[in-house]
Amino acid sequence: MNKKEYLLVKLIEELSEVQQAVSKALEFSLEDLYEGKSNLQYIREELSDVEIVIQLLFEEGFDVTQGDTEHTLYSEDKIKKIGKWMEYAKEKGCLESV
Ligand SMILES: [Mg+2]
């Protein structure tokens, strides 16, 4: 395993920790405290950990992000897709209408 591969393993780990923090927030609320920190704080910390690993990958010459223009175009497309699936979840009665 080289350094880039090692950092990709760390990226997997940190993304899993984001999943765990979000899961706990949905189970017990964003405000619920565990060992003195709220679930919202855990989410922020884990997202920060992901950003740090992405930065370390970038410093190794491996840019896992996209250029600004592509990212903006991709984001608009992704936002539309999320909206489409939210509407479908409402139709299925799985998501409350606001
Ligand atoms: Mg972490």
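**A note on helix 2 and its surroundings**

1. Let me start where the packing is: the buried residues of helix 2 touch helix 1 (3-28) and strand 2 (37-38). Contact here means that two C-beta atoms, placed from the backbone, lie within 7 Å. Helices (H or I, at least four residues) and strands (E, at least two) are DSSP runs, numbered from the N terminus.

2. Before going on, please keep in mind that this is a predicted model, in which local features need pLDDT of at least 70, side-chain atom pairs count only at pLDDT 80 or more, and totals for chains, interfaces and linings use all residues. Residues are numbered from 1 along each chain as its sequence is written.

3. Now the overall layout. The protein chain has three helices and two strands, and along the sequence they come in the pattern α-β-β-α-α. Of its 98 residues, 5% count as buried. A residue is buried if 20 or more other C-beta atoms lie within 10 Å of its own, exposed if 12 or fewer, and partly exposed in between, with C-beta atoms placed from the backbone. Among the contacts in the protein chain with a separation of 6 or more, 47% join residues 24 or more positions apart.

4. Which residues of helix 2 are buried? They are Asn39, Tyr42 and Val53. These residues sit on the same side of helix 2 because they cover an arc of only 55° around the axis; the arc is that of the directions from the helix axis to the C-beta atoms. On the face turned away from this buried side you will find the exposed residues Ser48, Glu51, Ile52, Gln55 and Glu59.

5. A word on helix lengths. Helix 2 (residues 39-59) has 21 residues and reaches 30 Å from its first C-alpha to its last, close to the 30 Å expected at 1.5 Å a residue. The expected span is 1.5 Å times one less than the number of residues.

6. How do helix 1 and helix 2 cross? Their axes come within 9 Å and cross at roughly 165°, so helix 1 is roughly antiparallel to helix 2. Axes are lines fitted to C-alpha atoms, for helices over the stretch in contact, and angles run from 0 to 180 degrees between N-to-C directions. Angles over 145 degrees count as roughly antiparallel, under 35 as roughly parallel, 65 to 115 as roughly perpendicular and the rest as oblique. The crossing is left-handed, a term used if the near helix is turned anticlockwise from the far one by less than a right angle (right-handed if clockwise).

7. The loop between helix 1 and strand 1 (33-34) deserves a look. Ser29 lies in this loop and follows helix 1 with a positive phi, near 95°. Ser29 is exposed, with 12 other C-beta atoms within 10 Å. Asp32 belongs to the loop between helix 1 and strand 1 as well. Asp32 is partly exposed, with 14 other C-beta atoms within 10 Å. Leaving aside residues up to four places away in sequence, Asp32 touches Ser38 and Asn39.

8. Two further backbone spots are worth checking on your screen. Glu35, in the loop between strand 1 and strand 2, has a phi near 50°, a positive value in a residue other than glycine. Glu35 counts as exposed, with 5 C-beta neighbours inside 10 Å. Gly61, which follows helix 2, has a positive phi near 85°.

9. Finally, Gln41 is found in helix 2. Gln41 is partly exposed, with 15 other C-beta atoms within 10 Å. The C-alpha atoms of Gln41 and Leu30 are 8.4 Å apart, although eleven residues separate the two along the chain.
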